[in-house]
Amino acid sequence: MNPIVIGTIIAAASLILSVFGASWLNLRQMRDQAEQFDKRMQELGNRLVEQGKRFEVQLDGLHQLMKAQFEAVDKRFEAVNKQFEAVNKQFEAAHVIVSARFDTAHETVSARFDTVNNRFDEIDRRFDQIDHRFDVLEQRVERLENILFKPTSLR
């Protein structure tokens, strides 16, 4: 055989073996990387699960704390509502008292004004009588003047 053909066959065989070898090495490296990737993903998954559990514990604690604070706030609101109700009752009682006093004062003042109005009416009636008397007196004076100072004609 020809040495060139043998060299070519050997070169082709070497090329084929090197391609298969490289493929096998790449496949092996990829498998190792995939195993490492799977291992890292598993570790990350485990860490996430662990952090999720811690997060749930923290959320439960936060939930309990918020529940306790809301209960405390509700109790404070109830106390404030009771105080407002007590103040409202006092205002209502004061309103009743003040309304009664106002009504009494209004009645008293109205009665006094009625008395004053009656007096003014009486005074007006007396002034009317006096006016009437003055009218009567004026008429008498005019008649007397007519009688006493009768006009005389100059003829």
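**Entry 1: first salt bridge.** I began with R54 and E50, whose side chains meet in a salt bridge at 3.9 Å, N to O. I took a salt bridge to be a side-chain nitrogen of Lys or Arg within 4 Å of a carboxyl oxygen of Asp or Glu. R54 and E50 both lie in helix α1, 4 residues apart, or about one turn of the helix. Helices (H or I, at least four residues) and strands (E, at least two) are DSSP runs, numbered from the N terminus. I found R54 partly exposed at 47% relative accessible area, and E50 likewise partly exposed at 47%. Here buried means under 20% relative accessible area, exposed over 50%, and partly exposed in between (1.4 Å probe, protein chains only).

**Entry 2: basis of the values.** I noted that the model is predicted: local features need pLDDT of at least 70, side-chain atom pairs count only at pLDDT 80 or more, and totals for chains, interfaces and linings use all residues. Residues are numbered from 1 along each chain as its sequence is written, and side-chain values use heavy atoms, with hydrogens and water left out.

**Entry 3: the other salt bridges.** I searched the whole structure and found 3 salt bridges. R125 pairs with E122, with the closest N and O atoms 2.1 Å apart. E122 also forms a salt bridge with R126, at 3.4 Å between the closest N and O atoms. Side chains of opposite charge can pair when their charged atoms come close. R125 and E122 are 3 residues apart in helix α1, about one helical turn, and E122 and R126 are 4 residues apart in helix α1, again about one helical turn. R125 is partly exposed at 39% relative accessibility, and E122 is partly exposed at 28%.

**Entry 4: overall form.** I counted 1 helix and 0 strands in the protein. The C-alpha atoms fill a box of roughly 200 × 60 × 10 Å along the principal axes. The radius of gyration is 62 Å, whereas a compact globule of 155 residues would have one near 15 Å. This radius is taken over C-alpha atoms, and the globule rule is 2.2 Å times the number of residues to the power 0.38.

**Entry 5: surface patches.** I looked up patches, made of residues with over 30% relative accessible area and no salt bridge; like charges are joined within 9 Å, and nonpolar side chains (Val, Leu, Ile, Met, Phe, Trp, Tyr) within 5 Å. V116, F120, I123, F127, I130, F134 and L137 make a nonpolar surface patch of about 670 Å². F127 is placed in helix α1, which covers residues 3–148. D121, D124, D128, D131, D135, E138, E142 and E145 gather in a patch of negative charge on the surface. One of these, D135, lies in helix α1 and is partly exposed at 40% relative accessible area.

Conventions. Accessible areas come from the Shrake-Rupley method with a 1.4 Å probe; for residues, only the protein chains shown count as cover. Lys and Arg count as positive and Asp and Glu as negative; His and the chain ends are not counted. The place of a charge is taken as NZ of Lys, CZ of Arg, CG of Asp or CD of Glu.
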